[in-house]
Amino acid sequence: MKVTFKIWRQENAKTKGDFKSYEVYDLTKDMSFLEALDHLNELLVERDEKTIAFEYDCREGICGQCCLFINGRAHGPHSNMTTCQLHMRSFKDGETIVVEPWRATAFPVIKDLVIDRSSLDRIIEQGGYINAKTGTAPEANAILISKSIADKAMDAAACIGCGACVATCKNSSAALFTSAKINHLNSLPQGHQEASTRVLKMARQMELEGFGSCTFTGACEVECPEHISIINIAEMNVRRLKAKWFE
Ligand code: FES
């Protein structure tokens with residue numbers, strides 16, 4: 001299998017970037033997309049050229065590091081999938097594949113396809129924790145939580161923080177990410193103590209970081225590898241309104 005990778009190259013945040021094309025042969029349909037990029041980097045090393053910087057860690061759809069915009073879609077042509085779970089069989093032989101970093105003001109490019117997503121960390125710092133003393137592991141039934149609440153919290157907690165929601169949103173909004181992190185903790189009794197300050201501070205930080213406003217297009221839900229629902233955003237907005245009311 002042969003493809004042409006058209007890849008964004010940028011030395012650092014201060015320099016201008018541009019696309020560069022690379023023809024790559026000897027690929028197989030069973031290779032993962034990241035393995036195909038590895039192969040391209042090996043060819044660049046042989047040619048004594050600079051390798052392409054791109055991020056990954058687990059390659060199992062867990063860590064959220066492999067954020068690439070492929071042929072105009074976050075994480076490639078399939079919905080609800082990370083880049084590391086994408087395989088070359090999703091592309092045609094001879095196809096040109098355009099690979100870019102996430103595009104958002106709050107995600108500046110560090111090098112080539114690697115972006116700085118510390119803006120998401122700073123949102124978490126504002127309330128993505130609980131103050132309850134945990135001590136040793138408590139007896140499992142000491143705090144009774146209904147199945148529906150536990151399911152809701154776990155669904156929100158599934159967010160891997162990849163930032164695909166931001167990358168795919170026409171407003172570069174981080175509302176899906178922020179609302180998932182808020183609703184995960186605010187739904188559980190352990191998170192009730194800081195519920196109001198959590199939603200106010202995290203939503204405020206989201207705005208300070210330069211993310212746009214949510215206009216409910218639903219694009220984020222389509223691309224989210226963890227199927228996080230936009231209902232979380234509606235719930236965050238209600239929680240924020242109530243918290244402001246009683247501030
Ligand atoms: S490398 Fe961890 S989710 Fe893709």
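Q: What makes the pairing of arginine 204 with glutamate 207 a salt bridge?
A: In this predicted model, the closest N and O atoms of arginine 204 and glutamate 207 are 3.4 Å apart. A salt bridge requires a side-chain nitrogen of Lys or Arg within 4 Å of a carboxyl oxygen of Asp or Glu, so the pair of arginine 204 and glutamate 207 qualifies. Both residues lie in helix 6, three residues apart, which is about one turn of the helix.

Q: Why is arginine 204 called partly exposed?
A: Arginine 204 has a relative accessibility of 46%. Buried means under 20% and exposed means over 50%, with partly exposed in between; arginine 204 therefore counts as partly exposed. Glutamate 207, with a relative accessible area of 37%, is likewise partly exposed. Elsewhere, salt bridges that share partners join Glu11, Lys50 and Lys111 into one network.

Q: How many salt bridges does a search of the whole structure find?
A: The search finds 16 salt bridges. One of them links arginine 198 to glutamate 194, with the closest N and O atoms 3.1 Å apart. Arginine 198 and glutamate 194 are both buried.

Q: What makes glutamate 209 and arginine 122 a salt bridge, and which parts does the pair tie together?
A: The closest N and O atoms of glutamate 209 and arginine 122 are 2.7 Å apart, and the cut-off is 4 Å.

Q: Are glutamate 209 and arginine 122 buried, partly exposed or exposed, and how do you know?
A: The relative accessible area of glutamate 209 is 15%. Buried means under 20%, so glutamate 209 is buried. Arginine 122 has a relative accessible area of 32%, and is therefore partly exposed.

Q: Why is helix 2 called roughly parallel to helix 5?
A: The axes of helix 2 and helix 5 (residues 175-186) come within 11 Å and cross at roughly 30 degrees. Angles under 35 degrees count as roughly parallel, so helix 2 is described as roughly parallel to helix 5. The crossing is right-handed.

Q: Which residues of helix 2 and helix 5 meet, and what are their classes?
A: Leu120, Ile123 and Ile124 in helix 2 meet Phe177, Thr178 and Lys181 in helix 5. By class, the contact has four nonpolar, one polar and one charged residues.

Q: How do you know that valine 99 is buried?
A: Valine 99, in strand 5 (residues 96-100), has a relative accessibility of 0%. Buried means under 20%, so valine 99 counts as buried. Leaving aside neighbours within four places in sequence, valine 99 is in contact with residues including Phe5, Trp8, Phe19, Phe33, Leu68 and Leu113. Valine 99 and histidine 192 are 42 Å apart in space, C-alpha to C-alpha.

Key:
Residues are numbered from 1 along each chain as its sequence is written. This is a predicted model: local features need pLDDT of at least 70, side-chain atom pairs count only at pLDDT 80 or more; totals for chains, interfaces and linings use all residues. Side-chain values use heavy atoms; hydrogens and water are left out. Buried means under 20% relative accessible area, exposed over 50%, partly exposed in between (1.4 Å probe, protein chains only). Helices (H or I, at least four residues) and strands (E, at least two) are DSSP runs, numbered from the N terminus. Axes are lines fitted to C-alpha atoms, for helices over the stretch in contact, and angles run from 0 to 180 degrees between N-to-C directions. Angles under 35 degrees count as roughly parallel, over 145 as roughly antiparallel, 65 to 115 as roughly perpendicular and the rest as oblique. A crossing is left-handed if the near helix is turned anticlockwise from the far one by less than a right angle, and right-handed if clockwise. Contact means heavy atoms within 4.5 Å. Ala, Val, Leu, Ile, Met, Phe, Trp, Tyr, Cys and Pro count as nonpolar, Asp, Glu, Lys and Arg as charged, and the others, Gly among them, as polar.
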